[in-house]
Amino acid sequence: MSTSSSGYYLPEPSHWPITGSIGLFSVFAGAAMWLNQVGVGPMVLGFGLAVFIYMLFGWFGTVIRESEGGIFNRQVDVSFRWGMFWFIFSEVMFFAGFFGALFYARVLSVPWLGGAGGELSTHEFLWPAFSPSWPMNVIPKPEDFTVYKEVIPAWGVPAVNTIILLSSGGTVTLAHWALKKNQRRALCWWLFATLTLGFLFVGIQASEYAHAYEELGLTLNSGIYGTTFFMLTGFHGLHVTIGATMLTVIWARALSGHFKPDHHFGFEAVAWYWHFVDVVWLGLFVFVYWL
Amino acid sequence: MSDAVMHGHEHHDHHPTGWKRWLFTTNHKDIGTLYLTLALVMFFVGGAMAMVIRLELMHPGLQYVDPQFFNSMATLHALVMIFGVVMPGTVGFANWLIPMMIGAPDMALPRLNNWSFWILPFAFSLLLLTLFLPGGGPAGGWTLYPPLMLQTGAAMPFVIFAIHFMGASSIMGSINIIATIFNMRAPGMTFMRLPLFVWTWLITSFLLIATIPVLAGAVTMLLTDKYFGTSFFNAAGGGDPVLFQHVFWFFGHPEVYILILPSFGIVSQILPTFSRKPLFGYESMVYATASIAFLSFFVWAHHKFTVGMPLAGELFFMYATMSIAVPTGVKVFNWIATMWRGSLTFETPMLFAIAFVVLFTIGGFSGLMLGITPADFQYHDTYFVVAHFHYVLVTGAVFGMLGGVYYWLPKWTGHMYDETLGKWHFWLSAISVNVLFFPQHFLGLAGMPRRIPDYALQFAEWNFISSIGGFVFGLSQLLFLYIIVKCIRAGAKASDQVWDGAHGLEWTLPSPPPYHSFVSPPMVTDATAHS
């Protein structure tokens, strides 16, 4: 074997992928059984989640040990970068689908139900009492849905949440600068600040949801407004939770001395992801809450 | 650092054997073999469903299965053939070939590669298990349109989650392929020296990463509409069932190119070899492939011209659809020009490749007919559509893959396949597939709707002929299975070069190639790059 061959990193066979498949299979099968009101559904789901989380610890643990062991060369690093980049791109497209649904409802389907665009007879024959607006003041067939009193205004708590999330984008950058200058204490503190802001955001969103459900009557079942509101902000909230959990992991790693000023892709991957949830939130703030 | 890596290397040559080898493998060839095996198994599963469909349609009237079961056969046949045969099959080719073609030892992310594959058997278990649930399998068609799809029984969440699961596999596989092509090329293997198969997969991967998440979103909306009270597709709440069709086909049209582009790549490898001439217009092939992929994002509504869209939308999607014929025409002309004045020989891979060019073009032309909005009002949801997409998918995508199997099987196994049997397989398939699908054009133009188990008497003759073609085509594929098994077990020793006119790095490796394709990167020059 020539010396140049040592440039390639080829991992050993691994049992983590098949473990993950068993976990996810149980999650999906359990959830599907639960939706079909099969008694063991939640248990199967819980088992699957446990296996999946075990896999995440095991697989990422392996990669972290390899990385800290200095096995990864520049080429592996670049492969990871492309991997994370395209993963985030796939997430962007997932949100694009839901934003597409939001714009379709706002620009096309709701006005059409009110008779716009030559759909007068649709309006006349289906729900003549419906008059379109956004947020909808009435639902076309209100007796089938949870009618809400009002929606959450943009310039209250959501604006505060915007400031919180944008600041966390700033603090994670400060943490990155500290890491590059090898200022470990500053790195750990700024990371801690970032994940605190992240979880604070999730907590505030959860209390807003409770407010919407209990006092405003705004639910998933509140017609297309409630649907798009909760699905978009809900999937975003899920991603913030995942991101904040990832931040917690790299914070713990930073505390135990991981990452070097010139070799810290694990950190950067989380930072990229964090900026991604930040940008999605800006889209949500403008198009779901504000305009 | 190099110590640890070298150690990893040496250790690698003692990889596990038996079932553990396949379950835990991080090797691109093992994983490629797994993908291809899964695709072959699912080819017979989906094929058996097609046989049920053709059996019921052989005569008018209801005779063998009840309509609900017929509908779930039609639905599952499509899902299995698309997600279980063509997609994993072409990923299998990508796994086997891309590292060998670009001069790499393996894929960029080998453990992720294992996971991409080992999701699929679980995902298809979820999907096929629905046949045994109360209410039976999904029966609303593979396009899953609401409100019909929302009437699915216990199968509903299993189908949705199976699609999420398969999508995860596709996204991870695509990420891996892009990372490999961007980052693992040997010195001198510039982008414009990549074999065309590598190019088509690079572009396919991009399409997959851009559209599979949108499909995931669409089916998630179905799930929440059914179980959690949302109104995405419920007009009573301000939503619209047509919204689903938009979101679905935003995925669905690029998906069509996801299925066909890798076969374009395979055919572009085979034709130069057996014409003993370089591929005509390599650069224009690359640009044409990229243009097709780009345009595929702006044509989705041509799948539903009759749903009631504004006139401006109908016209936009018609013209956008027509424009795809330009890059596709470039490709067809380049393939023909590659053969022009070549020293042609007609081994089995070449036969499949030539049949691909002719028959795919027929499917392309019927696609143009369907893309003309006013004409589509007549053809929509008839057997003409069925004939069209089976020409592009069976005689297109599947024939490309069959040709590819014959072309690279000697490299993969180290044995030559039985050429006589291969030719029998080709001629049986090529004739029967036309008997099967060509009459469906006539049926469609005469007004026979798709997705029904029974039909008016005037459609009886062509349906009978189509069914006979279907049974012969199905049986011919058993011969294919026999040829593969025979080639794996024994056969004349294949040389490294295999085909005297073949160019590219994979032919510089032994047949079968070593466990890690290139442990030291080869130096690529114009002379050693693609022909």
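A salt bridge is here a side-chain nitrogen of Lys or Arg within 4 Å of a carboxyl oxygen of Asp or Glu.

## Basis

This is a predicted model, in which local features need pLDDT of at least 70 and side-chain atom pairs count only at pLDDT 80 or more, while totals for chains, interfaces and linings use all residues. Residues are numbered from 1 along each chain as its sequence is written, chains are lettered from A and ligands numbered from 1 in the order in which they are written, and side-chain values use heavy atoms, with hydrogens and water left out.

## Salt bridges in chain A

Over all chains the count is 11 salt bridges. E268(A) pairs with R81(A), with the closest N and O atoms 2.9 Å apart. E268(A) lies in helix α8 (residues 265–290) of chain A and R81(A) in helix α3 of chain A, so this pair ties together parts 187 residues apart in sequence. Helices are DSSP runs of H or I, at least four residues, numbered from the N terminus. E268(A) is buried at 14% relative accessibility (buried means under 20% relative accessible area, exposed over 50%, partly exposed in between, with a 1.4 Å probe and protein chains only).

R74(A) and D77(A) also form a salt bridge (3.7 Å, N to O). They are three residues apart in helix α3 (residues 74–113) of chain A, and therefore separated by about one helical turn. R74(A) is exposed at 61%, whereas D77(A) is buried at 9%. A network of salt bridges links R74(A), D77(A), R81(A) and E268(A).

## Interface of chains A and B

In chain B, 76 residues are in contact (heavy atoms within 4.5 Å) with 71 residues of chain A. One salt bridge is counted between the two chains: R111(B) meets E66(A) at 2.8 Å, N to O. On the side of chain B that touches chain A, the elements giving two or more residues are α1 (2–12), α2 (19–24), α5 (110–129), α6 (155–183), α7 (196–227) and α8 (241–275) of chain B. The largest share, 12 residues, comes from α7(B).

## Ser296 of chain B

S296(B) is in the loop between α9 (282–295) and α10 (311–339) of chain B. The residue is buried, with a relative accessible area of 0%. A polar atom of the S296(B) side chain lies 2.6 Å from the backbone oxygen of A293(B). Leaving out residues up to four places away in sequence, S296(B) touches L207(B), H253(B), P254(B), Y257(B) and I324(B).

Conventions. Polar contact = N/O pair within 3.5 Å; in protein donor to acceptor, adjacent residues only side chain to side chain.
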